[in-house]
Amino acid sequence: MLVLLIAILAVGGLAAWYGERAGPDAPRWIALAAISLVGLLLLPYFGPAVSPTDGAWLSEIYATWIPRFGVGFHLALDGLSLALAVLTVLLGAAAVAASWTEIRDRVGFFHCNLLWTLAGVLGVFLAMDLFLFFVFWEAMIVPMALLIAIWGHEDRTAAAMKFFLFTQLSGLLMLLAMIGLVLLHHRNTGIFTFDYPVLLNAELDGDVARWLMLGFFVAFAVKLPAVPFHTWLPDAHTQAPTGGSVLLAGVLLKTGAYGLLRFVLPLFPEAAAAFAPVAQGLGVASILYGGWLAFGQDDMKRLIAYTSISHMGFVLVGVFAWNEQGIDGAVMTMLAHGISASALFMLAGGLQERIHTRDMRRMGRLWADVPRMGAIALFFSVAALGLPGLGNFVGEFLVLQGGYLVSPVITAIAALGLVVAPVYSLVLMQRVFQGTCLEPHRLSDCGGRELAAFGVLMLATLWLGLYPLPALTVAKWATAPVVELSYSGEDPPP
Amino acid sequence: MNVDRVQVESLVPLAIYFLLVLGVVGVMLAIPRFVAQRRRSQARDEPFESGILSVGDTHLHLGVHFWPIAIFFVIFDLEAIFIFAWAVAVREVGWPGYLEMLVFVSVLLAALVYLWKLGALDWRTRRQQLQDSLLSERG
Amino acid sequence: MSAAAIGSAELTALLPIVTLGTTAVVVLLWIAFRRNHAEAVWLTLGGLSATLLALAPAAGTGPRDVTGLLRIDGYALFFIALFCLAAIIVVLLARDYLRERAEQPEEFYLLLLTSLLGASVLAASTHFASFFLGLETLSISLFPLIAYATRDARALEAATKYLVLSGVASGFLLFGMALVYAETGSLAFGGTAPAATAVLQAGAVLILVGVGFKLSFFPFHLWTADVYQGAPAPVTALLATVSKGAVFAVLLRYGVDAPLARLPMSETVLGTLAGASMLIGNLAALAQHNLKRLLAYSSIAHMGYLLLAVIAMQRIGPALAAETLGFYLAAYTLTTLAAFGVMTAMSPADREAEEIGDYAGLFWTRPAIALLLTLSLLSLAGIPLTAGFIGKFYLFIAASHAALWPLLGLFVVGSGLGLYYYLRVIFRMAASVGEGTAPGPSGALQVSLGTEAALAFLGLSIAVLGLLPASLIDFLAAEALR
């Protein structure tokens, strides 16, 4: 079943490539069909029939792969994976919609890469074998880099290169850490295995554990991205085609946070706990630095990219607060930011398609021309700045609440981010849709297709904001054991 | 280690001989320095036919057919060393050794056949070959 | 060394090598009487297939020492099989390549067979005599091959360069062997000496220098780029895979058998060579615009990576090291062959498609070939789902096991640098046609079914080894050196 999810996307990619011969729109429909099919297959897991018991997977598949090193093809689904898989499907469909008119060349290959990226991301969320995880982790980079390198804007090759190099190099450090972990486990028990559940019980010395944990952390911090590993992100986002930006902001960044939750905390609880203040410090730095830089950008996509860094800083703070609220908040922020950032990128892409620039100095008073887009932009801007009632607020609030329990100082500084956020969000609105018009434009407003895509995303944001319980419950199936881990080493906090 | 010493002692005449050779060569090289006349002129410094200015193109086309022949000689002559070695041990290695030698010689033979067929043993120049073939066509 | 009798079991064990030699002689005679390109190709292919078939009975005789010079075991047979496979592919590539360019293409296959004979002897040798004989057979066959097809001055220059430097390297090697012999009194790898004297160490270092030339480790790498560039693409493929693979095979065997290799200083020396090769190779490759030169420098880096397995051997034992070497070399051979195969298939009759610019927009003009080159470059870069990744994974495991952390750090840095220039080529291929000079399909070589089959096989095997490496890994684990 789980294999099917990935296989559908992978095969769909090939079909989309070949489908190009049937007509320029065929790949789009094939991609949509494949993504919807995956979405449909995910639905049954929400049903009451599959109520999870403690620590059990919703669904699992295991096959030996490379017995020499105990590598298995181990896929498993739990609440956290499920929530992120749904996000992946949703944003995958949004990415297809966003590229509907933007991509005109090599449509088939574009959708092939898009679907393969999705397949890789889904694999990352499902893999429960370290080796398999790494394979998916790296495999998703290749089509993503091609998306940027082929269909991107002016400076696409350099951006794709930077993206690839950052992820790959940090990934190699992670691979080294994985191998170190496995070899240690082998030395202690005589068993070679890359299986995640088995390795959870590996005994580690404090010193070694710190190094291994750092290997994993660097990889995920690059992907997240956290200051100071963030420099690839603005370039990649700015140069990527809209569909690529949507995937990057919505899904790929989340794999970093997912990795922290899934691997860094459970595998190295003591080392991670010791490292938490540093990680939280990096998170706070990301929040403020990202927000500050966002404020100074002229390029609309670059601005949104920096806000992503800022928001993912909240995730980092939440994860390393390591209590129920913090982790719930981090998960919530991941979901909500995935949606809002993607929507903003789609808007930026839509505007670029219409007026052929991302430079906000050449925009202004667009509300008059495209009121619907303006309204949508307003909605997602206030979502991004954390307006209560929308998903992002819930996430950030929980993060701050959780953070406060652990270290009030860091949280207080992080809360400054809530001040920065309105500044850049409103600056975005003001410069693009208000103000004076320098160049007259004659633009068409959103069509039905765009409205539908934005509508779904708006509904999702509203739902996450007004009734977050279901999403949190689903995620909690998985995060509860992680939270419990934090209490094992020391006294429970008050 | 006794054997070594004996060997070293028996090398002494060889060493003396070697030194003598060096000495003689040194003396022969030294004599002209003291005896011979010295002249400097442009032609003398020419590396080719020193003392005489060369006339015309020095890049002559020489038939180099002797060259492959010489190479063949060296190759096949070298192989003879192996046969000598076999001859010394012919009784010890017996029939298997004979077979191995047979294989070796037949491989050599194959190489010879190949070279022959290639025309490497043809002493004529290309022009002569061409003429001969034309003649045979007419005849 | 006693004159070991050769019985039927020994002959069976030698069967692959004997078959290769016989094929060479038969092809030689055939050329003498009937000069025909197609027939020479078929004879060669037949002989190579027969050699592959002869591996089975040879494996049946178990690990066996033959005449004190060779040891036919799973390790040797694996490499012989790998080389034969590579040679078959080179034959298929060369057939198209030579048809247009060479007046007398038949001797190419003869030289290919003799070079293969040398490589096979190397893979099985346990004795300095067979080591040297194999190496010289291999090298001497390579000189004319490098200068073969083109009347290009560069090819001649490359061949001369290779000839001279090989001669120098052989000199070092022989001197090293002589010094080692002087101390141990034995030419077998396993000879022991009472103490690690200065002479012994000097001998070991000189041997390493000789081998280092052949494998183009850092200070001895200067010939690599010129020879790679000057030689015809199929020959470069042979040089990069079979020649280097054979020398590496014998290097590891020497390291395992010879107590000398475990001198404390050898780890330092080897480590320095490996680290420097990784760095210098990758850094130099960054600046290349010529794909052949780029691959030449990247091969220096790859040889540096691979040296990790030999260094690690001293700490983790021969079994895992031999497995690592076997898998990495198999992956590297297939990958490199694919890269040069693409180059061969892309080259018009009057020149070679060696500039990166020749590949601009290839994705849109010839997608299948572009996909293969991409796969091959990704495999060289060690990206998952390719054979190269599993090889790199193996090296990571071996080196972590041996706790070679500084070298692993250099490995990671080198990989990053490597990724940059591999990606540059890939992105160039993905560029729009208008952006560069893309040679239309018309300019390129007429590709026959044989080349297409060879390329398809390479692409498939790179992917399959990346996806399902278990069977090869299990085989290597069972047959590795003990």
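What share of the contacts in chain A with a separation of 6 or more comes from residues 24 or more positions apart? In this predicted model, such residues account for 80% of those contacts. Of the two pairs of chains in contact, chains A and C share the most contacts. Chains A and B, by contrast, do not touch.

**Chain A overall**

- Chain A contains 20 helices and two strands.
- Its radius of gyration is 21 Å, close to the 23 Å that the globule rule gives for 494 residues, so chain A is as compact as a globular protein of that length.
- The C-alpha trace of chain A spans about 70 × 55 × 45 Å along its principal axes.
- Of the 494 residues in chain A, 63% are buried.

**Helix α10 of chain A**

- Helix α10 of chain A runs over residues 232-239 and is mostly covered, with eight of its eight residues buried.
- The buried residues of α10(A) are W232(A), L233(A), P234(A), D235(A), A236(A), H237(A), T238(A) and Q239(A).
- The elements that cover them include α6, α7, α11 and α13 (300-321) of chain A.

**Packing of α4 against α11 in chain A**

- Two packed helices are described by the angle between their axes and the distance between the axes.
- Helix α4 (residues 107-126) and helix α11 (residues 242-267) of chain A pack at an angle of about 15 degrees, and their axes are 10 Å apart.
- Angles under 35 degrees count as roughly parallel, and α4(A) and α11(A) are therefore roughly parallel to each other.
- The crossing of α4(A) and α11(A) is left-handed.
- On the α4(A) side, the contact is made by L114(A), T117(A), V121(A), V124(A) and F125(A).
- On the α11(A) side, the contact is made by G243(A), L247(A), V251(A), L252(A), T255(A) and Y258(A).
- By class, the residues of this contact between α4(A) and α11(A) are eight nonpolar, three polar and no charged.

**Chain C overall**

- Chain C has 18 helices and two strands.
- The radius of gyration of chain C is 21 Å, close to the 23 Å given by the globule rule for 482 residues, so chain C is as compact as a globular protein of that length.
- Taken along the principal axes, the C-alpha atoms of chain C fill a box of roughly 70 × 55 × 40 Å.
- Buried residues make up 61% of the 482 residues in chain C.
- Among the contacts in chain C with a separation of 6 or more, 81% are accounted for by residues 24 or more positions apart.

**Where chain A meets chain C**

- Contact between these chains involves 27 residues of chain A and 22 residues of chain C.
- On the side of chain A that touches chain C, β1 (59-66), α5 (130-139), α6 (141-151) and α7 (156-189) of chain A each supply at least two residues.
- The largest share of that side, 14 residues, comes from α7(A).
- The side of chain A that touches chain C has 22 nonpolar, three polar and two charged residues.

**Chain B and its neighbours**

- Eight residues of chain C are in contact with nine residues of chain B.
- The side of chain C that touches chain B has eight nonpolar residues, with no polar and no charged ones.
- The nearest C-alpha atoms of chain A and chain B are 44 Å apart.

Technical notes. Residues are numbered from 1 along each chain as its sequence is written. Chains are lettered from A and ligands numbered from 1 in the order in which they are written. This is a predicted model: local features need pLDDT of at least 70, side-chain atom pairs count only at pLDDT 80 or more; totals for chains, interfaces and linings use all residues. Axes are lines fitted to C-alpha atoms, for helices over the stretch in contact, and angles run from 0 to 180 degrees between N-to-C directions. Helices (H or I, at least four residues) and strands (E, at least two) are DSSP runs, numbered from the N terminus. Angles under 35 degrees count as roughly parallel, over 145 as roughly antiparallel, 65 to 115 as roughly perpendicular and the rest as oblique. A crossing is left-handed if the near helix is turned anticlockwise from the far one by less than a right angle, and right-handed if clockwise. Two residues are in contact if their C-beta atoms, placed from the backbone, lie within 7 Å. Ala, Val, Leu, Ile, Met, Phe, Trp, Tyr, Cys and Pro count as nonpolar, Asp, Glu, Lys and Arg as charged, and the others, Gly among them, as polar. The radius of gyration is taken over C-alpha atoms; the globule rule is 2.2 Å times the number of residues to the power 0.38. A residue is buried if 20 or more other C-beta atoms lie within 10 Å of its own, exposed if 12 or fewer, and partly exposed in between; C-beta atoms are placed from the backbone.
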